[in-house]
Amino acid sequence: MPSVFESAPAAPAIPITFVTKATWSSLSATLPAEGRQFAQANGYAARPGECLMLPALDGRIAHVLFGLEDEAAKWRDPFRPGQLPGLLPAGVYRFANAPHEPRLAALAFALGSYRFSRYRKNDAPDVRLVAPDGIDIAEVSRIADAAALARDLINTPANDMGPEQLAAAAEQLAGRFGASFSCITGEDLLAQNFPLIHAVGMASPRAPRLIDVCWGDPAHPKVTLVGKGVCFDTGGLDIKPSAGMLIMKKDMGGAANVLALASMVMDARLKVRLRVLIPAVENAIAGNAFRPLDIFPSRKGLNVEIGNTDAEGRLVLADALALADEEQPDLLIDLGTLTGAARVALGPDLPPFYTNDEGLALDIARCATAENDPLWRMPLWPPYDSWLDSKVANINNAPSGAFAGSITCALFLQRFVEAAKSWLHVDIYGWTPSAKPARPEGGECQAARAIYKLLTERYG
Ligand code: BES
Ligand code: MN
Ligand code: ZN
């Protein structure tokens with residue numbers, strides 16, 4: 001991805017002045033008379049997101065005004081400047097004054113210029129920004145590039161992003177950073193004791209697989225990332241209605257985001273021994289599909305009764321988490337698009353996270369806020385654990401009641417994690433339903449930026 005940041009512009013960059021309702025009157029007084037007149041004639045009021053291009057006397061753009069929330073506003077969107085690439089004509093621009101949070105504003109500018117262009121070229125705005133002073137632009141670019149990777153993987157439709165292609169993307173990333181790559185595919189999953197990954201993926205002609213990427217000094221702390229890689233979720237025999245199935249190409253959003261996170265970690269050379277595990281499957285429908293009330297063994301040894309074939313994500317994660325847990329990682333993190341219930345509770349933009357590590361909970365919440373990659377803690381509520389009881393097996397994958405669906409999913413996963421020193425689970429959405437500043441509609445990088453910040457603090 002070409003960088004949106006310009007270090008040596010050929011021509012003078014067009015200044016962007018950030019204004020708020022409170023600063024507009026004093027700022028407008030500093031404009032040339034004709035600029036002030038033009039803004040007034042256009043009724044410019046410096047509302048948040050309001051953009052006005054002031055012409056020079058020769059008709060070129062002399063100056064851009066862009067409205068931000070007032071300093072005193074209840075809430076200011078630090079990504080507001082991410083609207084600019086979608087509003088500005090092609091050209092090179094610079095910040096003439098400081099937005100509320102200059103680093104996040106520069107990041108928002110980069111995130112906001114992303115377009116999914118695999119099937120239709122030239123949609124991306126040809127807008128560039130002179131790197132603002134005092135900002136680590138290499139770091140901002142690293143984050144923006146990782147976000148673009150996550151978005152591209154999620155936006156790619158399932159016909160071109162099956163388990164094999166997801167593995168190829170992981171292998172390509174591994175190759176870029178000299179990481180090792182291995183993959184257990186199809187019947188080999190049974191031979192090597194991954195019964196649940198096999199059960200969920202076996203009805204698809206596109207064989208299920210477990211992707212394993214490893215990087216870094218083995219003497220460093222072990223950080224293992226596990227991402228749900230369901231390349232398409234029909235629901236299985238418990239088939240989803242069409243409205244619910246529509247965007248299920250995004251059901252590998254956990255995998256996309258752990259790959260994005262891994263790319264940042266490796267590019268920044270953090271002092272960790274990184275491992276990335278991705279169970280990649282398609283939850284398809286066929287005569288050999290797994291069925292409601294089937295019972296399968298799991299890698300951990302627990303027999304799992306299938307209450308619902310649409311609760312497939314926790315099944316494939318269970319086997320991958322069990323494998324991760326075997327080497328007692330210092331930090332085990334899993335991301336997945338696991339439940340509709342998480343959206344009912346918190347909506348698409350605020351994924352719930354779960355951990356019993358109080359220090360980790362405080363750190364990740366702070367990092368999430370700092371990076372404007374919001375996360376909200378929900379409890380691993382022990383009294384609900386018995387809801388997972390099966391009458392005939394060790395555990396059921398889908399409690400019959402409709403309550404607390406994201407919590408019971410987290411409790412299910414917790415049964416497969418024992419030895420890891422610290423565990424974090426995030427129930428992400430991985431999708432922006434309608435465009436917001438810096439967040440074009442479609443696949444989204446979620447939780448990866450917040451976790452990257454945490455890892456840089458601990459292992460930078
Ligand atoms: N991939 C879905 C979760 C999902 C659905 C995320 C819609 C975002 C939007 C997951 O595999 C699923 O189907 N979960 C079920 C679990 C239930 C059957 C216990 C759900 O949330 O309905
Ligand atoms: Mn499902
Ligand atoms: Zn799913």
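A salt bridge is a side-chain nitrogen of Lys or Arg within 4 Å of a carboxyl oxygen of Asp or Glu. The side chains of K228 and D251 meet this criterion, with an N to O distance of 3.2 Å. This is a predicted model, in which local features need pLDDT of at least 70 and side-chain atom pairs count only at pLDDT 80 or more, while totals for chains, interfaces and linings use all residues. Residues are numbered from 1 along each chain as its sequence is written, and side-chain values use heavy atoms, with hydrogens and water left out.

**Salt bridges**
- The whole structure holds 32 salt bridges.
- Helices (H or I, at least four residues) and strands (E, at least two) are DSSP runs, numbered from the N terminus.

**Ligand 1**
- K240, D251, D310, E312 and G340 come nearest among the 16 residues around ligand 1 (a heavy atom within 4 Å).
- A nitrogen atom of ligand 1 lies 3.3 Å from a backbone N or O atom of L338.
- Ligand 1 alone exposes 510 Å², of which the protein buries 78% (Shrake-Rupley method, 1.4 Å probe; for residues, only the protein chains shown count as cover).

**Surface loop**
- I239 lies in the loop between β10 (229-233) and α9 (242-245).

Notes: Chains lettered and ligands numbered in written order. Polar contact = N/O pair within 3.5 Å; in protein donor to acceptor, adjacent residues only side chain to side chain.
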